[in-house]
Structure formats: structure tokens, C-alpha cells
2 protein chains.
Amino acid sequence: MTKWVYTFGAGKADGSATMKELLGGKGANLAEMSSLGLPVPPGFTITTEVCTAYYDNDRQYPDDLKSQVETAISAVEAEVGAKFGDAANPLLVSVRSGARASMPGMMDTVLNLGLNDETAQGLVAKSGDERFVYDSYRRFIQMYSDVVLGVDHHHFEELLELHKEDKDFELDTDLGADDWKTLVEQYKAKVNEQLGRPFPLDPQEQLWGAIGAVFGSWMNQRAITYRRLHDIPADWGTAVNVQAMVFGNMGDDCATGVAFTRNPSTGDNHFYGEYLVNAQGEDVVAGIRTPQPLTIYERELGGSDLPSMEEVMPSLYKELAVVRDRLEAHYTDMQDMEFTIQGGKLWMLQTRSGKRTAKAALKMAVDMCEEGLIDRNEAVRRIDPAHLDQLLHPMIDPNADKTVLGRGLPASPGAACGKVVFNAEDAEEWSKRGEKVILVRIETSPEDIGGMHVAQGILTTRGGMTSHAAVVARGMGTPCVSGAGTISVDYKTKTMKALGKVIAEGDVISVDGTSGEILLGEVPMIQPELTGEFGKLMVWVDEIRTMKVRANAETPTDAQTARDFGAEGIGLCRTEHMFFDPARIIHIREMIVATEEAGRRAALEKLLPYQREDFISLFRIMEGLPVTIRLLDPPLHEFLPHTEADMVEVAKAAGTDVETIRRHAEELHEFNPMLGHRGCRLGVTYPEIYEMQARAIFEAAAEVGGVTPEVMIPLVAVKEEFERLKAMIDRVADEVKKDKRAAFDYLVGTMIELPRAALRAGEIAEGAEFFSFGTNDLTQTTYGLSRDDAGRFLQIYQEMGVIERDPFVSLDQDGVGELVKIAVERGRATRPDIKLGICGEHGGDPASVHFFNRAGLDYVSCSPFRVPIARLAAAQAALGVEGESNA
Amino acid sequence: MTKWVYTFGAGKADGSATMKELLGGKGANLAEMSSLGLPVPPGFTITTEVCTAYYDNDRQYPDDLKSQVETAISAVEAEVGAKFGDAANPLLVSVRSGARASMPGMMDTVLNLGLNDETAQGLVAKSGDERFVYDSYRRFIQMYSDVVLGVDHHHFEELLELHKEDKDFELDTDLGADDWKTLVEQYKAKVNEQLGRPFPLDPQEQLWGAIGAVFGSWMNQRAITYRRLHDIPADWGTAVNVQAMVFGNMGDDCATGVAFTRNPSTGDNHFYGEYLVNAQGEDVVAGIRTPQPLTIYERELGGSDLPSMEEVMPSLYKELAVVRDRLEAHYTDMQDMEFTIQGGKLWMLQTRSGKRTAKAALKMAVDMCEEGLIDRNEAVRRIDPAHLDQLLHPMIDPNADKTVLGRGLPASPGAACGKVVFNAEDAEEWSKRGEKVILVRIETSPEDIGGMHVAQGILTTRGGMTSHAAVVARGMGTPCVSGAGTISVDYKTKTMKALGKVIAEGDVISVDGTSGEILLGEVPMIQPELTGEFGKLMVWVDEIRTMKVRANAETPTDAQTARDFGAEGIGLCRTEHMFFDPARIIHIREMIVATEEAGRRAALEKLLPYQREDFISLFRIMEGLPVTIRLLDPPLHEFLPHTEADMVEVAKAAGTDVETIRRHAEELHEFNPMLGHRGCRLGVTYPEIYEMQARAIFEAAAEVGGVTPEVMIPLVAVKEEFERLKAMIDRVADEVKKDKRAAFDYLVGTMIELPRAALRAGEIAEGAEFFSFGTNDLTQTTYGLSRDDAGRFLQIYQEMGVIERDPFVSLDQDGVGELVKIAVERGRATRPDIKLGICGEHGGDPASVHFFNRAGLDYVSCSPFRVPIARLAAAQAALGVEGESNA
């Protein structure tokens with residue numbers, strides 16, 4: 001027989017804190033506290049397995065659940081000395097959901113369950129407090145009707161207001177027992193009116209109704225959305241906790257409160273919390289009465305004139321402080337506790353590891369380690385990499401008022417505000433005259449790089465998490481919201497429309513690249529503050545991790561940022577990004593429109609010095625570290641002019657007419673540029689391009705000295721492509737060595753970014769000295785999914801649960817991951833010392849970093865601003881922590 | 001020590017006919033004939049391994065080659081009784097290339113090698129025929145200079161002409177010994193003048209020069225191109241045959257000729273050939289003298305007035321006829337033989353399996369089987385599937401005069417001629433008034449379907465072998481040349497420019513989709529003629545093969561053609577092709593521009609009857625056979641209007657304005673539609689579309705009865721996509737069964753056309769009852785290669801040898817093939833009885849069919865016109881014949 005129900009209370013429990021999967025977080029911790037001998041009102045937990053069975057079995061409970069619940073209720077009755085549903089001596093219970101992870105959107109709590117007209121009478125007799133009983137009764141009806149029966153609470157609030165008007169009352173406390181009695185009757189009538197059936201008075205029916213509501217809420221839309229956003233599988237299920245009621249609202253020797261073993265905002269090691277005398281838990285939350293500080297320290301710090309619990313109930317405070325020490329030492333983590341005092345007795349209702357701000361998380365982990373509570377590994381384990389991300393970027397002040405204009409994808413974290421401009425040229429011009437701008441585009445293209453560089457933030461109305469805008473913005477550390485589909489942009493009139501408002505050029509907006517929100521006007525922000533704890537933690541992180549972390553960077557600024565953030569080299573220098581500078585693009589365009597090799601070579605000759613200088617400065621910044629340079633990758637049409645003026649200029653430079661240029665552009669047009677004439681296909685068909693790039697790299701290496709460039713050939717599908725180009729690169733290296741009388745080492749390797757390359761990795765490794773997995777393109781091809789176009793349906797897919805994560809954000813380990821593993825295995829079989837890395841966007845995603853660590857890669861490479869996150873994730877991976885995804 | 005040299009002659013040989021890989025075809029057969037005791041002039045073969053070693057080793061010969069050649073020469077000298085280079089009694093030799101497969105473009109032959117001023121004198125003394133000797137000498141100098149030294153033959157022809165003018169000679173036969181002597185001196189002087197060094201007179205130098213020229217020619221451009229076109233790997237290498245000269249030009253008891261054991265044009269079982277008295281082999285070929293028929297039968301048949309060999313040299317003819325019988329019985333195949341008669345003695349210089357026309361190949365195979373020479377399996381093995389293809393389509397008459405305007409890819413076989421039109425509407429209009437048209441487009445799109453249907457032939461200037469035009473044309477059996485890059489089309493003026501000529505609308509051209517040629521005017525054609533042999537062979541084919549062959553078809557015409565060609569069902573019915581009819585496209589456009597599901601459903605409701613009728617007629621034609629129907633696959637923007645008039649119509653039908661339609665089109669625009677919102681992604685996000693299609697399929701099944709539709713979901717990447725859609729399809733099937741009170745069976749399966757689907761085939765097979773490999777898209781994604789864009793560099797890749805075959809024509813077995821194998825294995829592991837097929841273009845490519853047979857697929861599906869080819873290839877695969885590719 002499966003055990004579906006676990007009891008706790010009175011110094012013992014069936015379960016323990018280790019059984020979160022079965023009992024949920026709340027249930028497991030109630031069991032743990034009971035076993036620790038802490039005062040916990042007795043109760044029981046219906047396991048998450050019941051939830052799973054319920055959904056697997058067409059919403060039917062397991063057969064023997066009923067009898068197990070009855071047995072558990074009897075045990076609680078025995079402990080409390082009262083009987084559930086007994087008219088004379090009734091037991092009241094709370095029913096709460098409790099999933100493995102805390103989950104807003106679930107049915108939360110029903111209190112005072114078991115009350116009806118008869119048990120209320122019994123409770124009056126027992127407690128001698130009629131007002132308290134009928135106040136509790138009406139609260140129960142409202143809560144139960146709202147969360148279980150679906151009768152909105154405003155119906156009840158309306159009746160209460162009417163009654164107060166009638167009686168000329170101002171506060172709820174003005175109402176007496178009879179008022180509440182009247183309202184209880186009105187409430188019941190309202191339920192009947194709304195549902196066409198009476199409010200359930202049978203305590204058993206109430207209990208099973210509440211249990212059913214908890215399980216039912218597991219599949220409501222909010223819960224589903226939350227799970228999707230937080231990557232919680234639906235089959236985890238929720239548990240249900242049924243627990244004897246204790247009352248903090250039976251008089252002035254009663255109280256209720258929440259407490260944190262340390263300050264959850266700052267991380268300071270001080271007992272922290274709030275409480276209210278003569279109140280139920282909901283009163284603390286509801287904000288009708290101002291909660292009082294827990295400690296004198298806190299009162300003084302906050303300048304509160306309300307007395308602290310430490311002063312009002314000193315012995316109970318001391319008892320609570322002992323519980324604090326006990327629990328933090330036991331759990332070795334900051335605890336978030338709920339307590340109730342009933343008639344001078346302290347009851348613990350919940351403990352759990354408390355939520356904390358990014359800053360607090362970092363401080364607590366470092367402090368606890370230095371206090372000896374946890375070791376360094378544990379301190380490193382404690383930090384959520386997403387938290388670290390927050391610490392590195394400006395944030396919208398969570399307390400600020402804001403008008404949300406729309407939402408897009410959180411494409412590059414951080415917040416920014418500025419004046420709206422609608423094209424890159426304007427961005428550059430406005431920025432030159434000192435304006436802060438937000439660049440708003442339907443989508444961006446490589447031509448916009450200049451404007452993107454100077455913008456405070458970027459907003460696009462199309463494109464996904466790995467669209468051009470998103471990738472480039474992350475690389476620059478510029479906040480970006482992409483694919484904000486509800487916003488429409490009109491380039492002609494230089495306006496955007498959002499939420500019925502028209503925003504014109506020059507109007508101020510804010511973008512929050514962490515949440516994806518677009519906000520009207522300037523919104524207050526919190527600037528990042530890297531404390532001493534950050535430095536300490538990163539030292540520990542680096543001691544623990546085994547996988548190296550490099551950065552994707554091509555500009556000196558990015559390279560310097562990367563190095564400052566601890567990058568151990570450049571894993572991807574995209575040489576094409578260097579071509580968009582106006583001084584250079586004219587030459588690359590000349591090259592493209594040349595019909596003969598000689599013309600191309602002449603144009604490339606002019607580009608050579610620029611490229612060489614690029615590499616010289618990169619090599620200097622990255623001194624002593626490896627630099628991987630990817631040869632030209634995008635299709636040539638990306639460089640061609642779109643405007644008439646640009647075409648005229650190119651025509652002039654190339655000694656031809658505009659019509660020819662236009663025809664060139666037309667001829668180069670591709671239906672699917674992602675799968676077109678790009679990458680090494682350019683290198684094979686126009687070897688002079690790669691030859692120039694190889695020459696620039698080697699001449700720079702010769703000049704700087706002491707650097708080992710890693711020359712990377714993109715988009716290899718066939719061994720022969722690699723072999724030909726490697727032979728050419730080796731030849732150029734020899735020529736440069738001879739010409740410059742210089743010696744330098746270098747490696748030649750390839751991207752593995754096509755399924756075929758992964759499958760044929762064994763033979764490609766015969767020549768390739770390193771592989772770098774281009775997981776962006778590998779995802780596009782393995783999935784048959786264009787990252788620029790997928791925005792349209794990927795989000796729907798996630799909402800529907802067709803896919804759990806955006807595969808462009810967090811690696812699709814089952815599909816793309818298998819190809820990575822195949823390539824690692826086959827590559828190493830051919831060349832055991834082959835260097836293996838990854839330079840796709842996934843290099844900055846913790847879950848993906850964990851996968852790459854397991855797959856045995858030597859390094860990951862990510863945008864400069866994600867380097868600390870990748871370092872942390874790599875350390876956690878080395879510790880065997882399960883990785884969470886950004887997706 | 002490696003044996004580099006194999007001798008033959010005098011009734012024995014080191015090699016045999018089975019050693020073609022090592023000795024080349026010519027060498028192996030010379031050895032075989034020697035062993036059979038046939039009269040073969042003695043000689044030796046330098047193996048293909050020398051060629052490979054030569055290129056692997058920077059064009060150096062193996063060390064011990066020289067000594068082995070010397071030994072072999074000595075053996076020949078002993079046999080002939082003459083010495084190579086000996087002034088008194090010189091041995092002359094021929095040097096010929098001989099690869100495994102016959103290969104035009106290679107250096108062919110040098111005759112009379114060993115002649116110089118001294119040996120010529122010796123030969124005069126020996127033969128007593130000075131004229132013959134100096135005639136041979138001048139021929140040698142010209143031939144050797146041309147093919148070994150690179151001095152063009154026109155230099156020598158010019159000198160000969162001048163001499164003839166000088167002497168007032170008309171014919172070569174007018175020249176005497178002194179004339180040739182004079183010319184020999186002039187020839188030598190000319191060589192010296194051209195090269196700045198004298199003609200090599202040392203026989204050893206001559207020999208090694210000729211050997212080097214053979215090996216060198218293996219890598220000349222023509223040979224490389226030929227290998228690419230015929231799919232011959234470069235590492236096969238060529239052999240070199242050195243053989244004692246015999247002379248057919250030493251008098252009237254001498255002759256030379258070629259003979260076929262059967263008629264190579266018709267396949268008739270009659271001895272066939274040509275000969276010339278007192279001539280060298282080149283005279284037969286050169287066409288200066290008219291060759292004479294071999295037999296009386298032939299002379300009478302051809303109405304020739306020249307006497308046959310059977311009449312002129314009856315005993316030698318009989319001897320040759322015995323050789324004919326001997327060789328055909330020995331090789332059990334039609335032989336193409338070369339012979340020379342010197343002084344009344346017959347010498348066999350070569351035998352090989354003779355080239356034959358498609359018609360002859362078929363007749364010979366069937367005849368030989370019925371004669372008992374070969375069995376049915378062998379008869380089936382004999383037919384090159386490409387030959388079958390010829391028999392099914394009209395061909396350009398090979399003897400016709402033609403003006404080639406340009407060349408493109410041979411995209412859909414067969415030839416056609418008609419008046420040029422430049423758009424689909426014109427094609428339909430002209431065709432309605434009875435004109436035959438060739439539709440010329442830069443590229444075609446699904447909108448052009450109507451015009452493509454009525455055109456005799458299709459010509460595009462862009463796109464590869466699997467571009468839209470190519471795929472659709474092959475499906476229709478319409479001749480098509482695609483990607484003819486040298487032709488430029490101007491839609492505005494309705495003209496095309498080719499070879500400097502302007503072709504206007506209405507001008508007549510011919511297209512040859514078998515060769516890729518575009519020809520001016522109307523060119524005579526040969527109509528296909530399916531003889532009784534075809535039927536016989538196909539019966540044998542069907543007995544042998546184990547893999548089924550289906551067709552890709554959606555129109556009743558195509559389905560009927562397919563069935564007539566022996567298709568065993570439809571493997572791919574592309575439902576979207578049914579939407580382009582003007583009566584329907586308006587509804588699909590209405591559906592697309594509807595913003596709400598209700599609007600989409602209303603539009604789909606109008607499409608339902610059309611689709612149902614489509615399926616009813618398909619099911620009727622395919623009665624008793626399976627029909628696989630793929631649900632909507634292409635992105636919706638493919639259906640949107642491009643012209644203003646169409647937009648207005650759609651706007652009207654959808655009750656909106658043109659601007660909205662235009663915005664819709666813009667919003668649906670995709671950067672990489674191949675990787676975009678298409679296939680089951682449409683089905684998941686707009687389930688009502690697939691629901692309508694499923695309903696149409698099942699209502700048709702209910703109406704026709706006795707049919708088992710196979711509903712196919714395209715572009716599945718993730719199991720959940722399939723599961724959701726299958727659940728919906730099952731629901732619709734249940735509804736239709738209930739509504740129509742009908743019973744029918746059906747299967748639900750998926751395309752495997754993404755690498756991820758292949759990798760996850762195990763879990764997809766949990767729900768999928770069949771897999772059909774969409775190898776077109778699987779190739780695009782595995783290779784990262786757009787078939788519409790790849791034309792630009794794939795051909796260059798093939799010319800360069802980067803890839804051997806176009807992966808869209810012949811399956812990339814190493815890459816894409818591995819994914820197919822993985823999916824087969826994993827799919828069968830989950831569901832052992834899963835039905836496995838392939839419906840990509842590769843279904844009609846013999847080499848690919850062989851692969852699919854090995855991979856264990858149940859069927860291949862190809863265009864209707866390729867069904868017989870696929871049947872034959874499947875039979876050959878079952879016989880273990882190595883498959884040749886179309887690529």
C-alpha cells in the first residue's frame with residue numbers, strides 16, 4: 001500500500017526536510033521542525049504523488065487516500081484533544097498547498113476550516129469569545145468561497161461595507177459578535193445566490209473541497225505560466241498540508257508574525273521580522289494594521305515608534321530567538337519563519353530558506369562561510385547565477401511607479417532610459433550632441449552597429465532571444481528588449497504606438513532588459529554595486545571550477561571589459577563586426593562588386609591594414625591569453641548598401657554604375673541566407689578573403705609577439721572544406737614568418753555548427769586542432785529553426801508547454817546536446833588533445849554551462865558581461881549543482 | 001616489393017579481367033584476352049597504384065618502377081623478337097591510358113613510339129617499305145608532340161598543307177617516302193621552334209614522357225570535369241598500357257577495324273562493325289576514308305556499296321567471328337573490340353563491354369536472358385537506371401543540328417520545344433489558344449503552378465537541382481533546365497538574352513532537361529518508345545526487389561501516371577499544391593489575413609469541400625494502395641498575393657483594406673522561411689487548419705471506403721508537437737466516423753526531416769505509426785544548405801572536388817545517411833513494426849535507393865516519372881549491385 005499521507009507534530013514526524021519532492025517544501029519543513037522538537041501544531045501532509053496520480057488518472061484520487069486521511073485526522077484530534085466536526089469540541093484546521101518550490105498562482109491557504117453553525121457554537125462555549133468565533137467564521141466563508149468555490153471576495157467585502165455604512169462603523173474592530181453573526185448569514189446567502197447551492201456546512205465536504213482546490217490549482221493558468229517562467233516541470237505536483245489551527249487573534253496574549261534569521265534585503269546578520277498582537281497571519285500581509293518590528297535594533301534602525309516584540313513580549317521573543325538560532329544552525333541557511341502566539345504559547349507554522357535580494361544572497365553566502373557555518377563550496381553553491389547578473393547591471397527600482405507600455409523578451413539584462421530614436425544614424429547624431437537615446441527598430445541589422453553602440457538601450461519589435469539585436473546588445477552589455485510584438489513602429493513618421501499611446505522621436509522611455517518591460521518616461525534605477533563579497537566569492541569560484549571561461553569580443557572595449565570580468569581569453573572574435581566601420585565598409589563593398597579576383601584582391605589589400613591593427617590591439621589587451629579569431633562568416637549581401645547614396649558611393653569606388661551595384665545585390669539575394677553562401681563557403685570560393693584575414697592575423701602576431709592566435713574556420717560541413725583552407729592558412733603563416741623574420745605559434749580549428757560537422761567530427765579532427773561549438777547555428781539547423789523568425793511561435797510553444805525552454809537561450813540537451821556529445825567523442829577519438837570549447841550564446845546560460853562541463857569541454861565563451869556568471873556556473877557545475885536555465 | 005607492372009601476350013598474362021581496379025579496363029581485358037589464347041600483341045600495364053602513388057608523393061614515381069618497366073620491356077622484346085631503341089631491329093610500342101572506367105579527356109594514345117632517325121632506318125630495312133616508315137614517323141611526331149609535349153597539331157597540319165600545295169598534291173596518299181622524310185624534318189624543326197628544345201629522339205625519354213603524360217592527364221580539367229559528371233573518385237587513378245605495335249597500314253593484306261558483338265544502337269543480335277583495308281586505327285575514326293561494313297547483312301541493311309569484310313577477307317572474317325562468339329560467351333555481354341590485321345594475321349587490340357543506347361541496353365539484356373546467356377538477375381543488373389530514364393522521355397535527336405544558347409542544370413529530364421513566355425499567366429493564356437510554350441522565369445514560385453502545368457518545358461536562370469522549378473517539373477514529368485546563369489531575363493521587356501542573342505516572347509526555343517542545354521528554334525526529337533522488353537524487364541524487377549516504390553503526387557493526372565508506371569501507392573501528397581487553384585487560393589488568403597480563429601475557421605470551411613474532393617479522387621485512383629497525405633507544410637506567406645489586383649481581391653473577400661493585407665504580408669515575412677513558421681508549427685499554432693485537412697481526409701475515406709489514409713505531420717522537431725496533433729487528428733477521425741456512421745482505418749505518422757527528429761526518433765515513435773524521411777529538408781538542415789541558394793557554390797564545390805556529389809540529388813550517405821540510420825534504429829527499437837519510407841527527391845536517385853534499401857526502409861517514394869527507375873534501382877539494390885548516382 002502506498003503511503004499517501006505523512007503526519008507531523010508533537011516532537012515527531014513521518015517525514016523530514018530531505019523529503020521535499022514527496023512532501024513539498026512546506027510539509028517537509030513542518031516535519032523537520034516537529035522532529036527537532038519545535039512547537040508545531042500537529043497536522044499531516046498529502047504527498048505530491050497524490051497530485052501526480054490525480055492528473056494521471058483523470059482527476060481521480062487513489063482509492064485508499066480517504067482512509068489514510070481519516071487516520072491522520074484522528075491522530076491530530078488525539079494530539080489536540082478536539083474532534084473535527086464535533087459540535088461541542090471542534091477541531092479547526094488550515095489547508096495549504098505546498099509544492100517542491102514556492103509557487104505563486106497556486107491556491108494558497110484556507111484557514112479555520114471545520115467551522116459551521118454548530119461547531120461555531122461549540123467553539124464559543126469552549127473559548128468564551130463569541131466575537132472571535134464569528135469573525136473567524138465569516139473569514140472562513142469568504143476565504144473558502146473565494147479560493148475553493150470561485151465566488152469572488154469582492155461580494156463579501158461589499159456586504160461588509162454595506163453593513164458598516166448601515167451601522168455607521170468605521171473600522172472592522174467596531175463590529176461585535178452580532179454584527180459578524182449577521183454577516184455570516186448574509187455571506188452564506190450570497191454564496192447560495194451566486195452558485196445556486198448552499199455553502200457547504202459539512203466539515204468533511206469542506207476538507208475535501210479544499211484539498212481538491214489545491215490540486216486543481218496546480219493546473220490553473222497562473223501556475224502553468226509560473227512554472228514555465230521558472231522552469232518547473234508539471235509532473236512535480238503539489239502536496240497539501242492540513243494542520244490544526246492556532247489563533248493569534250484571541251486576545252492580547254496572542255500574536256502572529258514573520259521572521260528572517262538575517263536581513264533578507266541587505267544580508268546583515270541581524271534577526272529581522274514583523275509581528276502584530278492579536279491578529280491572524282493575513283492581517284500582517286494585508287497592510288490594514290502596521291506591523292511592528294521584531295527587535296529593538298530593527299526599531300532603532302528603522303526609526304519606528306512602534307514597540308518591538310523584544311520589548312513587548314521579552315520571554316516569548318527570547319524563545320523565538322532560540323528557534324532562530326536553532327533553525328539557522330540546523331538548515332545552515334537564512335530561514336523565513338512564520339509563527340503564532342496563542343495564549344502566551346509560541347507555535348511555529350513554517351520555516352523555509354528565505355528569499356533574498358541578490359546583494360543579500362552574496363553577503364550571506366560569504367558571511368556564513370567566514371562564520372564557519374558553511375564551507376566555500378557551499379557558499380558558491382548558494383549563489384543563483386541569475387542573481388549575479390542583477391548585480392552587474394542597473395535595475396529598475398522595484399519601488400518606483402511605472403507605466404508599462406508593453407513587454408518583449410528580456411534580451412539583454414539591465415535597465416536604461418533615454419530619448420527614442422528610430423534609426424542608427426539618428427542615434428549616432430543625437431548621441432554626439434550629448435543626448436542619451438534608446439534605439440527603437442523593428443529589427444536591427446549589422447549596419448546598425450554604430451547606433452547600437454551609442455544607445456543606452458535597444459528595443460525591437462521583432463526577433464527572439466538570439467536575434468541580431470539581442471546578441472549584439474548582450475555582447476555590448478547594453479540593455480535590450482526584443483520582439484515586443486504589441487508595439488508598432490512607423491519609420492516614416494518616426495513614431496511608435498504602444499498601449500494606444502503614440503511615442504514620438506525624442507520622447508523618453510525606459511527599457512528593462514531584465515524583465516522585458518518597456519516603460520513610459522524616466523524611471524528611477526538602482527545602479528550596480530560590486531561589493532567586496534563579489535571579489536571574495538569569485539576567487540573561490542575560480543578555485544573550484546575546472547572549465548575555463550572566455551569571452552566573445554572583437555572591439556578593444558569589449559575585450560578590456562571581458563578581461564576585467566575575468567575572461568581567460570577570447571573564444572570568438574567575429575571579424576565581420578570589424579568591417580562595418582564607414583572607413584572599411586566601402587572597401588568590402590568594392591571587393592564584393594568586383595567581378596574578377598584581381599579586383600577583389602585590390603580591395604582586400606586596402607582592408608588588410610585595418611584588420612591587422614584590430615588584431616594588434618586585441619592581442620595586446622589579451623596578452624598571455626588565447627584569442628580565437630573566426631574568419632568571415634556572414635553572406636556577402638549583408639555588407640551591400642541599401643540606400644541610393646551608399647550605392648552611388650560604392651559604384652564610384654568600384655568604377656561602375658549604380659545599376660550594376662543593384663544587380664549585384666539582386667544576384668546575391670538569398671532565400672535562406674542562414675543556409676546560404678556564407679562561412680567557409682566564402683573562404684573556399686573566394687580564398688583571397690580568408691587569405692587577407694589570415695595575413696592580418698599573422699602579421700599582428702608577428703608584431704605583438706608571445707601570442708598564439710587560434711584561427712577558426714566557420715560553417716564547415718565537409719572535411720575537404722577545412723583541409724583546403726587550413727593548407728592556405730598554413731601557407732600564409734609560412735609566408736609571414738619568412739617576410740617578417742618572425743616566429744609565432746598558432747592553431748587552426750573549426751566551428752562545429754552544423755549537424756553534419758558534428759557527425760563527421762572524427763575526420764574533421766584529422767586536421768582541426770580545436771573545435772568550437774557554434775551552438776546558435778547548431779540549434780538553428782538541428783531544430784530547423786531560424787532564430788530571427790522563431791519569436792513568432794516559440795513563445796506560444798512555451799506557453800502551450802510544447803517545449804520547456806527556448807532552445808536559443810538554454811541548450812536543447814536532448815537534441816543539440818547529443819550532437820555536441822557525438823562530436824566531442826569522435827573528435828577526441830581522432831585527436832585526444834583536441835581543444836574543445838563553445839562560443840554560442842549558450843556559453844552564458846548556467847544550465848548550458850553545466851551541460852558543457854559534463855560533456856567535457858575545455859572552455860565556454862560568452863559575452864563579456866556574462867563572464868562572471870559563466871565562471872560561477874562552471875564552479876557550480878564542478879560541484880555537481882544542478883544548473884538552472886535562463887530560458 | 002610492390003608489383004607495379006603486369007605483362008600480357010602470347011597466351012598468358014599476369015593479370016585478368018577481374019583486376020580492373022589495378023590494371024584499368026583496357027589492361028585487364030588485354031590480360032584476359034591473352035589468357036584466353038586470343039592473338040594479342042604483347043605488352044604490359046603500369047598499375048593504377050602507380051598513379052595514386054605519383055600524386056600522393058608530389059608527382060614522383062615509386063623507386064622501383066623503372067626497373068620493373070625495363071624487365072617488362074625485355075619480355076616484350078623477347079616475344080616480338082625486336083629491341084626497343086635498337087637501330088637495326090627496333091621494337092615500336094603504343095602507349096595508352098586505361099582507367100577503371102572509360103574516360104574521355106584523358107591522354108589517349110601515342111602510337112609508333114620508339115621511332116627516331118636511326119630506328120626508322122632499321123625499320124625501313126626490316127619492312128622494306130620506306131614510305132610506310134616515314135609516314136609512321138611523322139604521325140608519331142605529330143601525335144607525341146600534341147599529347148605529350150603540348151604542341152598543337154594544327155602546326156603540323158599546316159606544314160603538311162603547305163607541302164601539298166607546293167607539290168600540287170591533293171591527297172595524303174599522293175605523298176611518297178621523300179615527302180614524308182622532308183616533313184619529318186620540318187616537324188622536328190617546328191617542335192624545336194615551339195619549345196626551344198629538340199624533339200626527343202631517345203626512345204627511353206619518349207617512353208617516360210608518354211607515361212608521364214598519361215598520369216598527368218588524370219588531373220587535367222577535362223578529366224576532372226568528366227569525373228565529377230560521372231561520379232568517379234579521383235583516387236581511382238589510371239593505368240598505362242605499353243604494347244608492341246602492329247600495323248594495319250603496311251599493305252592490302254593489312255586492315256584495322258572496330259566490331260561490336262551486337263548492334264549497339266538497336267541491340268539486335270547481329271555482328272556489327274566497320275573496317276578499313278591498309279589503314280591505322282585513327283583513319284577509321286578520322287572520317288577521311290569511309291569505313292566499310294563488317295558483314296553482308298549489315299551492308300545490305302545499310303544499302304552500302306562498299307564491300308564487307310565478310311566478302312573481302314572471308315577467312316579472317318571467320319576468325320574474327322569466332323573471336324566474337326568466344327568473347328561474348330566469355331564476358332556474357334556485348335563486346336566492343338578493336339582489331340588490326342597485319343600481313344594477313346589478326347591481332348586483337350582491345351575488348352570491352354560496349355557502350356549502347358538505352359534501347360539497345362534494354363533489348364540486349366532481355367534477349368541475352370532469353371537466350372540463356374545470363375539469368376534474370378543479371379539482366380536486371382545490366383540496365384543503368386539512367387538509361388531507363390531516357391526511354392521514358394522525348395530526347396533531342398543526337399544527329400540534329402543545334403545552336404546551343406546556354407546551359408543550365410539538367411533539372412527534369414526530357415526535351416521540349418515551344419514559344420517563349422515569361423510568366424505563368426501568359427503561359428496559361430497562350431496555351432488556351434493552342435500554343436505550345438516554354439515558360440522562362442528567373443525562378444518559379446508556387447503561384448506559377450498553373451503556368452508550369454501547361455508549359456511544354458520550363459527554363460529558369462536561378463536555382464539548383466531541387467529548386468521549386470526543378471522539383472515541380474520532375475513531379476509533372478515536364479522537361480526543365482534550371483539555374484541557367486548565363487542567360488539573363490528581363491520581365492519588363494519580355495525578352496531574354498543568351499549568347500548575345502535577344503529572344504523575345506513568342507520566339508521558339510528548345511530545352512533539353514536531360515543535358516541541361518537550351519537550344520535555338522525547334523530541334524528534331526526522338527519520341528520515347530516503350531517496347532515489349534520494358535514490360536518484361538519490369539516484371540523481373542518487381543520479382544526481385546523487396547522495397548516498395550510509391551510516388552509523390554497530388555493531382556489525379558500525376559496519381560494516374562504514377563499508377564501506370566507501377567507505383568504502389570502515394571508516398572507524399574503535398575496538400576498545399578492543392579491550394580493554388582484560383583478558386584481556392586482566395587479562401588486560404590482569407591484564412592491567413594483573419595485575425596481571429598473564428599475568421600480562420602470560416603475561411604477553412606469553404607476550403608473543406610475542395611480538399612475532400614481532392615482526396616476522394618486520389619483515393620479512387622489509388623484504390624487498394626496506401627496514400628500518405630502530408631498536412632500543410634509551407635509558411636503562410638507563400639500563399640499571400642504579390643500583385644496589387646490580388647491584394648485588392650483578398651482585401652475585399654476578407655472585408656478589410658489593402659493596407660492591412662500588405663501589413664499582414666510584411667508581418668509574415670521571414671528571413672529564413674525554410675527554418676520558419678511552417679510545417680507542424682502551423683498545425684500547433686493554428687490547429688484549425690490541420691483540423692480541416694484531417695476532416696477532409698477522413699470524410700473522403702468514409703465516402704470512398706476501403707482506403708487506409710496515412711496522415712503525415714511535417715517538420716516535427718519535438719515529440720510534443722506530434723502528440724498534440726495526433727490527439728487532434730484522432731478526435732476528428734472519431735467525429736467523422738460518428739457523423740458519417742462510417743468505419744475506416746488510418747495511420748498517423750510524421751516526416752523525419754530535421755536532425756533533431758532523427759535523434760529523438762525513439763520517443764517520437766511512441767506515437768508515430770510511420771516515419772517518412774524528408775531527405776530534402778533533412779539535407780538542408782544537416783548540411784546547413786539552402787537548396788534554393790546552394791546553386792551558386794555547389795557546382796564550384798563539385799568542380800573543385802570539395803564534394804563529390806550534389807547532396808540534393810544523391811543522398812549524403814555519410815552525414816544525412818547517418819541520421820537516417822539513427823532514426824531507423826531508434827524508431828524500430830520503440831516500435832518494431834513502424835512503417836518506414838522516404839519521400840524526398842532522393843527517392844528517384846539510384847545510389848540513394850540503394851542506401852535506403854540497406855538502411856532497411858519499407859519503401860521509397862519519388863516523382864511519377866521516376867517510378868520505373870526507382871523500381872529498377874530497388875531491384876538492383878536487392879541484388880547487391882553498387883548504385884550509381886544522378887549527381
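## Symmetry of the two chains

In this predicted model, chain A can be laid on chain B with an RMSD of 0.3 Å.

## The interface

The contact involves 51 residues of chain A and 51 residues of chain B. Together the chains bury about 4700 Å² between them. Carbon and sulfur atoms give 55% of that area. On the side of chain A, Phe671(A), Leu675(A) and Arg756(A) lose the most area to chain B. These three residues account together for 14% of what that side buries.

Polar links also cross the interface. There are 24 residue pairs in polar contact between chain A and chain B, counting pairs with both residues at pLDDT 80 or more. The rule finds six salt bridges across the interface. Arg760(B) and Asp814(A) meet through their side chains in a salt bridge, at 3.8 Å from N to O.

## Which elements of chain A touch chain B

Several helices of chain A each supply at least two residues to the side that touches chain B. They are helix 25 (658-668), helix 26 (680-685), helix 28 (719-740), helix 29 (755-759), helix 31 (775-783), helix 32 (791-800) and helix 33 (816-830). Helix 32 of chain A gives the largest share, five residues.

## Fold and dimensions of chain A

Chain A contains 35 helices and 34 strands. Its radius of gyration is 32 Å, close to the 29 Å that the globule rule gives for 887 residues, so chain A is as compact as a globular protein of that length. The C-alpha trace of chain A spans about 105 × 60 × 55 Å along its principal axes.

## Salt bridges overall

Over all chains, the count comes to 132 salt bridges. One example within chain B joins the side chains of Lys164(B) and Glu161(B), with 3.5 Å from N to O. Both residues lie in helix 6 of chain B (residues 154-167). Lys164(B) and Glu161(B) are three residues apart, about one turn of the helix.

Key
Residues numbered from 1 in each chain as written. Chains lettered and ligands numbered in written order. Predicted model: local features only at pLDDT ≥ 70, side-chain atom pairs only at ≥ 80, totals over all residues. Heavy atoms only, no water. Contact = heavy atoms within 4.5 Å. Buried area = accessible area lost by both parts, 1.4 Å probe. Salt bridge = Lys/Arg side-chain N within 4 Å of Asp/Glu carboxyl O. Polar contact = N/O pair within 3.5 Å; in protein donor to acceptor, adjacent residues only side chain to side chain. Helix = DSSP H or I, 4+ residues; strand = E, 2+ residues; numbered from the N terminus. Least-squares fit on C-alpha atoms with pLDDT ≥ 70 in both. Rg over C-alpha atoms; globule rule 2.2 N^0.38 Å.
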